[in-house]
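Trainee: Hi! Could you walk me through this one?
Mentor: Happy to, let's look at it together.
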Amino acid sequence: MAHWLDNPREPNAPLAGVRVLELARVLAGPFCGQILADLGADVIKVESPDGDGTRKWGPPFVTRDNGDREAAYYHGCNRGKRSIVADFGDADDLRLVTGLAGQADVVLENFKPGTLSKFTLDYDSLAAANPKLVYCSISGFGQTGPRRNEPGYDFVVQGMSGFMALTGEPDGAPMKHGLSISDMFCGLWSANAIQAALLMRQRTGKGQWIDMSLLDCSVAMLAHQAQYYFTTGENPPRMGNLHAQVSAYGVFPTKDGPVVLAPANDGLFRKLLTLFGRHDLINDPRFATNEARIANRSALDALIADETVGWQRDTLLRECAAAGVPAGPINEVAEVFDDPQVAARGLAFPLPEGLTGVRSPMNFSDAELALGSPSPKHGEHSGN
């Protein structure tokens, strides 16, 4: 029978000793669980006999030391957990899961609303025996509202939330993000909410039910774009690589590849002009203020492109750094992990079985992340 660890994986981790029962699969819930595991929580992932579906979402695939072939996707959101197998329709398995929930600090689930009540694994049922339980439900549309019973998929939510309407070239089709950002934003928000509820429990002695939805989290991320709509009554424009409120700010050519330039205020813009030796433009009324630069964006972008196209990319980036002008390359993923800054921060780290992970980006002065364990094999801790 699975049980909770007597000793946390990293005694000096921020969430050492916190017990999380993860009844979640695919991305939003598991990504939240991975964040909590990195922070030191003991996360038991409960999988069906078929396993989390993302174990098969390949290629590419990873071959484990026991010969299991699993999709790389699965390893991006399940590090540091233990896996047990349980069939909720089996009385013994259900008794096991209910027993673990009775001792858990947190239950994290991403079933469709109402599904777990069939197995008495819903909040009300579990909180009756464990009133200190923090129970986080992740769903596509939340526990209330006309779409509560619909399944939630990242691509659909990116479209519904306004993300796709804001992404892509102005004259092109709406475009989804290259990452499953609606799922991942929901995982991040959920990890914040869980930790807030644990802190509140210290004051009140009681747990509570957290209702998280992909759509809510994505709409909440509209931030200044939502304020644009609230202020003007108009849809924010789709800008491609430009910025609706800042100029000059974009992608510009060099002899050997594009660069991003982001001189986002008057002082930085003047530094860029000085770097280019274009002192004649410093007092040009067309470019003297950000508002004027936005009004004359096309002319300004053409002037900057005429300057950058004569530079070698890395030379321009070095000169921008020396001048204090925000600028950077457009890296492929392989280049990201070769970047000296990324390497210095230890964002990629080795795991057992020849695996590599991307760590949670939190650095503490008096705590450590718990990063020693890879994603669990299917059910490998069922007997522990």
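Trainee: In what order do the strands of the open sheet come?
Mentor: The open sheet has six strands in the order E5-E2-E1-E6-E7-E8, with parallel pairing. Helices (H or I, at least four residues) and strands (E, at least two) are DSSP runs, numbered from the N terminus, and two strands pair if DSSP finds at least two bridges between them. Keep in mind that this is a predicted model, where local features need pLDDT of at least 70, side-chain atom pairs count only at pLDDT 80 or more, and totals for chains, interfaces and linings use all residues. Residues are numbered from 1 along each chain as its sequence is written, and side-chain values use heavy atoms, with hydrogens and water left out.
Trainee: Which are the edge strands?
Mentor: E5 and strand E8 (208-213), each of which pairs on one side only.
Trainee: And how many bridges join E2 to E5?
Mentor: Four, and the two strands run parallel. Ile-44 stands opposite Arg-82 in E5.
Trainee: What does H3 touch on the sheet?
Mentor: H3 packs on E1, E2, E5 and E6, and its direction makes about 140° with that of E1. Contact means heavy atoms within 4.5 Å; axes are lines fitted to C-alpha atoms, for helices over the stretch in contact, and angles run from 0 to 180 degrees between N-to-C directions.
Trainee: Which residues of H3 are buried?
Mentor: Leu-94, Leu-96, Val-97, Leu-100 and Ala-101. Buried means under 20% relative accessible area, exposed over 50%, and partly exposed in between (1.4 Å probe, protein chains only).
Trainee: New topic: is Lys-377 buried or exposed?
Mentor: Lys-377 counts as buried, because its relative accessibility is 12%. This residue lies in the segment after strand E13 (356-358).
Trainee: What does its side chain make a polar contact with?
Mentor: The side chain of Glu-353, at 3.2 Å. A polar contact is a pair of N or O atoms within 3.5 Å; within protein, one must be able to donate a hydrogen and the other to accept it, and residues adjacent in sequence count only if both atoms are side-chain atoms.
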